[in-house]
Amino acid sequence: MTVDSTQVRCQARTDGPRNGWLKKLTLLSREYYYDAKRFIAHSGALSPRHLATLRALVTMDTHRVEKGLAIPSPKPWFGESIIQRVLHNTSLYARLGGDEDVCKAALDAVEGYLDANSQHAAAEPQWVPELTRTVAGLNEQLRPAGLLGGTKAVSRETIYKASRLDSLDFFTSRYSIRDFAADPVTEEQIAAAVTAAQHTPSVCNRQSWSVNVFPRGPHADAVLACQNGNAGFGHTASHILLITVDLRTFVYPGERNQGWVDGGMFAMSLLHAFHALGIGTCCLNWSVDSQADRRLRAVAEISSHEIVIMMLAVGQLPENLRVATSWRRPLDDVIRTGRLRQFTIQGGDQ
């Protein structure tokens with residue numbers, strides 16, 4: 001029998017208390033306010049008043065320059081306002097004692113821009129000589145060596161060679177592990193997994209994530225006590241990782257949810273990195289109310305400008321174990337043909 005979901009009033013039961021509609025709306029409003037207050041206080045959506053936000057602005061514009069250079073046929077001397085702004089903000093960031101790698105990446109990108117445009121027949125704009133002097137002056141202040149920004153050439157074969165694996169087998173052999181061996185995961189293994197996960201894409205390369213590591217024992221137990229999905233196995237994990245995102249790296253109101261996107265993508269990369277190392281993981285959900293979030297912040301040192309994405313239990317695999325079957329939706333229920341609403345093509349027929 002086919003059921004039209006638009007005509008069915010769901011009467012499913014939930015585990016929570018059966019509160020009235022008005023009370024539920026009040027609680028929901030409280031939770032939205034809790035999140036909004038943190039975003040307003042720490043993001044750059046109203047004013048870039050944090051050094052971390054200035055770093056994000058430099059990184060964003062650096063990546064804009066890089067993206068412009070990476071397209072097949074960049075427009076000669078594109079993005080004057082972006083070039084001027086990234087140099088201004090880089091100069092300010094350097095004077096305030098900002099991360100030299102961030103500054104060097106910005107200057108590398110601008111130098112790549114100058115080199116690429118010097119090959120065009122288009123006339124050099126009047127603002128370019130001053131730009132060149134600014135870049136030279138800033139470069140004298142910086143110590144980092146090597147290319148940190150701009151673009152680099154790669155071949156298709158290089159990517160193919162490095163990425164060849166049985167991808168279906170890799171993804172389908174990864175399970176949520178709730179039965180860990182006693183042997184601990186080493187610091188070197190954690191570092192290797194995080195290093196791999198740092199290649200996760202993020203909005204304009206802002207890389208807003210952090211990983212807080214709690215080893216098995218009282219430290220991990222204190223954090224686990226704030227999360228209600230680890231009963232019976234959480235204490236056996238080698239480490240509990242707490243993934244957070246820095247709200248100060250987001251500068252527009254439209255980015256109010258971006259931390260969850262970037263943080264979630266990073267968490268998924270971290271899962272797969274551990275899987276590639278033969279280490280088991282289990283996601284510990286952090287979709288909680290404000291009271292639970294406050295309890296965790298009272299236990300763990302989480303800065304007020306950070307949001308918690310999730311916890312991750314990691315540990316070595318035992319010789320044999322059982323895992324959840326975890327049924328998956330049919331493919332034709334997941335892939336849909338995209339459709340547009342009715343619209344008029346300007347200058348043509350409907």
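Reader: Which residue in S4 is the bridge partner of Asp246?

Author: This is a predicted model, where local features need pLDDT of at least 70, side-chain atom pairs count only at pLDDT 80 or more, and totals for chains, interfaces and linings use all residues. Residues are numbered from 1 along each chain as its sequence is written, and side-chain values use heavy atoms, with hydrogens and water left out. Strands are DSSP runs of E, at least two residues long, and helices are runs of H or I, at least four, both numbered from the N terminus. Across from Asp246, the bridge partner in S4 is Glu306.

Reader: How many bridges join S3 to S4?

Author: Two strands pair if DSSP finds at least two bridges between them. S2 (residues 239-246) pairs with S4 in the antiparallel sense over 8 bridges. S3 (residues 279-285) also runs antiparallel to S4. In that pairing, Thr281 stands opposite Val314, and the bridges between S3 and S4 number 7.

Reader: How many residues of S4 are buried?

Author: Buried means under 20% relative accessible area, with a 1.4 Å probe and protein chains only. S4 spans residues 306-316 and is mostly covered. Its buried count is 11 of 11.

Reader: Are H3 and H5 roughly parallel or roughly antiparallel?

Author: Axes are lines fitted to C-alpha atoms over the stretch in contact, and angles run from 0 to 180 degrees between N-to-C directions. H3 (residues 80-95) and H5 (residues 128-141) pack at about 30°, with axes 11 Å apart. Angles under 35 degrees count as roughly parallel, over 145 as roughly antiparallel. H3 and H5 are therefore roughly parallel.

How values were computed
Buried means under 20% relative accessible area, exposed over 50%, partly exposed in between (1.4 Å probe, protein chains only). Angles under 35 degrees count as roughly parallel, over 145 as roughly antiparallel, 65 to 115 as roughly perpendicular and the rest as oblique.
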